[in-house]
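Okay, thanks everyone for coming.

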2 protein chains.
Amino acid sequence: MVYINDHFLQLQTSYLFSDINRKVTAFRKENPDARIIRMGIGDVSRPLTPAVITALHQAVEEMGNADTFRGYGPEQGYEFLIERIIQHDYKSRGIELDLDEVFVNDGAKSDLGNIGDILSQNNRVAITDPVYPVYIDTNVMSGRSGTFCDGQWSDIIYLPCERDNHFVPKLPDVCPDVIYLCYPNNPTGTTLTRTELKQWVDYARNHGSLILFDSAYEAYITESEVPHSIYEIQGAKEVAIEFRSFSKTAGFTGLRCGYTVIPKALKARTKGGQEVALNPLWNRRQCTKFNGTPYIVQRAAEAVYSEQGEKETLETIKYYLTNASIVRKGLEEAGLEAYGGVNAPYIWLKTPEGMDSWKMFDRLLHECHIVCTPGVGFGPSGEGFLRLTAFGRREDTEEAIERIVRWNI
Amino acid sequence: MVYINDHFLQLQTSYLFSDINRKVTAFRKENPDARIIRMGIGDVSRPLTPAVITALHQAVEEMGNADTFRGYGPEQGYEFLIERIIQHDYKSRGIELDLDEVFVNDGAKSDLGNIGDILSQNNRVAITDPVYPVYIDTNVMSGRSGTFCDGQWSDIIYLPCERDNHFVPKLPDVCPDVIYLCYPNNPTGTTLTRTELKQWVDYARNHGSLILFDSAYEAYITESEVPHSIYEIQGAKEVAIEFRSFSKTAGFTGLRCGYTVIPKALKARTKGGQEVALNPLWNRRQCTKFNGTPYIVQRAAEAVYSEQGEKETLETIKYYLTNASIVRKGLEEAGLEAYGGVNAPYIWLKTPEGMDSWKMFDRLLHECHIVCTPGVGFGPSGEGFLRLTAFGRREDTEEAIERIVRWNI
């Protein structure tokens, strides 16, 4: 008799986006002429840049010719791409990595979920709050969450990121084995400085914890005190895995490419207490359960690092960051309190005193015809906030902000 | 203190392909002028067909234009592809499927491995022998294998596929919860008839077992009594998941696309005995831990089903099947005993009486300058066999067979 993994039945259904859609649909029905501007989407809107498109066409041609056709590639990714990643994203910042410390994948989400395969089910997990739901749900699936009660999981250590702590999580009292950090952060758009991140690296070193560092928004960093990689912090190679993605960097949300860094110095323990390197375990996992990223997609990612590709990519990032700046300044001009948007494509808007996330969502929709994401959808500490994104078109972003500035909240 | 998943340390290292490479390298050093023909590779050699290349270029163009750019797609795959799959691969054979019963992925290997996520760790697993190593290794990783002793895993039920049973596995005495079947088979190249497969479906229905049906070589079926899908067998929707791939069908080994069918009628049990449908569990798993297949790759897969694409794909399959036929007939002409190659790109060659797989491998390399894969590398029941593949170039295949026919074994 075949049995399921019962932990799947513990998963909570998120009604966040369906609730948003339901409300927007109802509003549209009552107000067919309203021009709704969507500032809730977490997807990019700018197309792939010409350098990437050219690389794709070239790689496609290779695949149509018997002499240049590529079949199975290495599950870890092609060296031509890994070399560029190391050179551009690490060596340029004084970080040395070997080729076999970088694993190319189809985007950060898969690896952030699958990394649990190589870790014991008994590890205690700490997660910042508010948070990207994948961190929690994948741990529920593997039985690390305990039971759900009053909006929280009993075995998860929550690390609140609130106005009062400037969205910098406090070191926990109960020691976690695995710590998820995402900086620049989704959804708050805030960052950690080098000094703040060093506290976490030191904590992990002192307690034998593992940091899973989600760095999907690294390309948006503009301030010099914000580290681009956790490995800028001394000793981080011994405690951290870094997850990066081309999705928000180069508009690859539909093309799918990212990478994960697992330094060979990073170790964990067996039940018996023996130290074991994680790198070969992940390598075995990927060779057994992953097919590798398509050759043509890896050529596209390589093109992001070409002189022309880099220039074009920076232009796109600048476009979104200018949107972010327009949003942040506009909100403040309207007398509202907002965070993020300086090193991230997300702005975290505080609701006026006493108004909850959904109430403010409803008012923004009905009075300004703007759709955003209620912060409470990202976790309990998100209550009283809204997430606005900078991925829209410039003219829409400007108009949305004009509406908010004129708005009598 | 962070702990690893200790099951990873149980994994056996396969030296199969490194041993082959070591032997070939040594031979090449001693015989620099020998023209070695490789018949061991499981990768295709023909490039993507023109219809696929055209579709890729078109989709790439779309991705470079703001009006047609596609960001995040549905994790389950685009409907335009799922509709084609259902129409072409199922409806045409009288099998009805809903759109949400098909999950597009990046190739069969990932899903064959990840499917374990939604199943209890305590399920007892049965695996045919010889076998594609991924089935075993992924179960070792999730703790379903027991301990390794004398070349076998204590908790795995082995289903020997040998000459004596015509490579048709016998129904097991100990009842498995999960049964892996791969037909047409890798590595033996043999098949099950509709009647033989029905026995397994009936067995699974009677015992509440789940069949994981790997059908990656379906496109090579030529004989009418061989089913193209397990769902041709009545009642299979209640007991089977089917895994398909464009890799060997349309040369997608470097492009990466496949799909998994999980009928909504398929149920398993909770620890408490309650029946639960597997389809929504897998959907949740994919939405949380998979990013979806690149849009451009899904357009390429769609083109395989176009009139022109289908014609071109059939030509490629015919090319490989002609190779297979040349190999099979040539081996028999040389007085050797061979199986497979009729409904599959693999030929399973019996070594002459008393010769083991590696001895025969060495002789083929040294005396005929041909590289193949020793059958014992696929499991204990592979001893005394070699796997030859039909994916080479026609002229190489013909020359290899001429050498074997002339060979004084």
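Let me start with a question: which residues have the most contacts inside the largest nonpolar core? Keep in mind that what you're looking at is a predicted model. The answer is A:Phe252, A:Ile296, B:Phe252 and B:Ile296, and the core they sit in has 140 residues. In general, nonpolar side chains in soluble globular proteins tend to be buried together.

Take B:Phe252. Setting aside its neighbours within four places in sequence, B:Phe252 is in contact with a whole list of residues, among them B:Leu48, B:Val52, B:Cys257 and B:Val304. There's also a second, separate core, with 68 residues, and that one includes A:Leu112, A:Phe243, B:Ile118 and B:Trp282.

Now the sheet in chain A. Seven strands make an open, mixed sheet, and the order is β2-β10-β9-β8-β7-β3-β6. At the edges you find β2, residues 102-105, and β6, residues 156-160, each pairing on one side only. Ignoring direction, neighbouring strands are turned by 20° against each other on average.

Over at the β2 end, β2(A) runs antiparallel to β10(A), residues 258-261, with four bridges.

Last stop: helix α5 of chain A, residues 133-141. Is it mostly covered or mostly open? Covered: eight of its nine residues are buried, including A:Tyr135, A:Asp137 and A:Met141. After α5(A) comes A:Gly143, with a positive phi near 80°.

Methods. Residues numbered from 1 in each chain as written. Chains lettered and ligands numbered in written order. Predicted model: local features only at pLDDT ≥ 70, side-chain atom pairs only at ≥ 80, totals over all residues. Heavy atoms only, no water. Pairing = 2+ DSSP bridges. Helix = DSSP H or I, 4+ residues; strand = E, 2+ residues; numbered from the N terminus. Axes fitted to C-alpha atoms, helices over the stretch in contact; angles between N-to-C directions. Core = buried A, V, L, I, M, F, W, Y, C linked by side-chain atoms within 4.5 Å. Buried < 20%, exposed > 50% of the residue type's maximum accessible area, 1.4 Å probe, protein only. Contact = heavy atoms within 4.5 Å.
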